[in-house]
Amino acid sequence: MKEGLTLLLLTAAGPLSLFAQNIDIAEESVQRNKRDVEVRFELETTPKTLKNRYKTEVTPYLYAGTDTLRLPPVEVFGKIRYKRERQEQALAGNPRWALSSRQTMEGTPYRYFAAAPYERWMRTASLGIACRTIGCGCDCYDGDRVVAERIPVYVAPVPYLSDRPAEPEKFEVVDARKRWNFDREEIKVIFPVSKTELLLTEYGNQAALDKIIAGIRGLEGLDTLRLSGVEITGFASPEGSEAFNASLGQGRVEALRDYIRSRVPELEEEDFELINGVENWDGLRQKVAASDLPFRQAVLDIIDNESGEARKRALRKLDGGRPYAYLLRHYYPELRNACYIALYYDVLGDRAADAVNAANADIRAGRYAEALERLEPYRTDERAWNPIGVCCMMLEREEEAIEWFEKAVEAGQGEIPLRNLEQLK
């Protein structure tokens, strides 16, 4: 008998006298074996305990609540009744009649065995035996007796599971457009005043761009991450005309894109997102707000409440132009840049493998319904078929379980589903 299929064997301490005729039952057991429930016991009589002219029909039955399953009866013949039966059979044209496997003589030990399809109500069942005496015009019900009560017939099978590694060919995006973290929040590239020329040897530009290239190459070397885009936001400082600054911002982002593509030629145009921020008023406001300049609040009020050319004129007039001169000298140079160069990536993963492994953990914890719900979206993935079958098996939906295990075996999912299948078939 396979592991996980042997159920409780209930053995009485000694024979149990059931009837006045001293028919004894011993070594009774009720076991579940795969899809059947099996009943066994020793039926014993002693010579002359039956009246020779009679036979006794003993009918075992299982019951639980209002459910009852009667099993095939066994007939115990007295000697005279046996001879009479032979004579009647011979007269009926059956001269070779002999006792069947469900018949025995008094005084002869009889090993009873019967199997019937298991049903869920049998999880905990009791075993009883009914007796009827037949002979000399008598067909008498002799009552019934309980042999054993509340036998735990169902013992859960062993769930065989196999965790699954991720398979790169089945990767999909599990977390989209995450920003790559560098050693500082922003990668900045500074441009000369009013120019779109990219100077690699000035402003620390080469080091900044090297970090961008290293980030792209780093993403290329990771199986679970994929570059989803290079975002370049170009700005000009808030000086000069807005039309000129718009042209300046666009030229700067294109210069950066062209340089990065020269270093990583496998990148396509669609890998880049170019954003022309035109005049970098946001950047200027952040710097002023973080300072302790004496004219700090006046500058912030102008930025917040004015717009367009009026904003620029107000800054130039403030306090005779002294604050504006300070801004030009200390802040505007840093605003003449492609303020953000950001890398975005998608996180890749094998969702089905992750679901299978998480479901396996649920199954090991006895959370079968939760595991089945987790696997529901992956019913077409053959790697999920064995754990789906296990969930059905542990929930006693065994016909479904067999179907899933058979599919998994046919799909070449290894020995694990076969071991589960053998517990049910």
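Visitor: Is E231 buried or exposed, and why?

Guide: Buried means under 20% relative accessible area, exposed means over 50%, and partly exposed lies in between, with a 1.4 Å probe and protein chains only. E231 counts as buried because its relative accessibility is 14%. This is a predicted model, in which local features need pLDDT of at least 70, side-chain atom pairs count only at pLDDT 80 or more, and totals for chains, interfaces and linings use all residues. Residues are numbered from 1 along each chain as its sequence is written, and side-chain values use heavy atoms, with hydrogens and water left out.

Visitor: Where is E231 found, and what is it in contact with?

Guide: Strands (E, at least two residues) and helices (H or I, at least four) are DSSP runs, numbered from the N terminus. E231 belongs to strand β13, residues 225-236. Contact means heavy atoms within 4.5 Å. Setting aside neighbours within four places in sequence, the contacts of E231 include R177, E273, I275 and Y340.

Visitor: How many bridges join β2 to β3?

Guide: Two strands pair if DSSP finds at least two bridges between them. Strands β2 (residues 24-33) and β3 (residues 36-44) run antiparallel and are joined by eight bridges. One of the bridge pairs is N33 with D36 in β3. The two strands form a hairpin with two residues between them, and K34 in the turn has a positive phi of about 55°.

Visitor: Which strand does β3 also join?

Guide: Strand β8 (residues 110-117) runs antiparallel to β3, and eight bridges join them. Here F41 has Y112 in β8 as its bridge partner.

Visitor: How many salt bridges does a search of the whole structure find?

Guide: Side chains of opposite charge can pair when their charged atoms come close. A salt bridge is a side-chain nitrogen of Lys or Arg within 4 Å of a carboxyl oxygen of Asp or Glu. The search finds 34 of them. R111 and E42 form one, with their closest N and O atoms 3.5 Å apart. R111 lies in β8 and E42 in β3, so this pair ties together parts that are 69 residues apart in sequence. R111 is partly exposed at 39% relative accessibility, whereas E42 is buried at 18%.

Visitor: Which residues are linked with R383 in a network of salt bridges?

Guide: The network links E167, K170, D350, D381 and R383. R383 meets D350 at 2.6 Å, N to O. That pair links distant parts of the chain, 33 residues apart: R383 is in the loop between α10 and α11, and D350 is in the loop between β16 and α9. R383 also forms a salt bridge with D381, the closest N and O atoms being 2.9 Å apart. R383 is buried at 3% relative accessibility, and D381 is buried at 14%.

Visitor: How many disulfides does a search find?

Guide: A disulfide is a pair of cysteine sulfur atoms within 2.5 Å. The search of the whole structure finds zero. C391 is in no disulfide, and its nearest cysteine sulfur, that of C392, is 6.8 Å away. C391 counts as buried at 0% relative accessibility, and C392 counts as buried at 1%.
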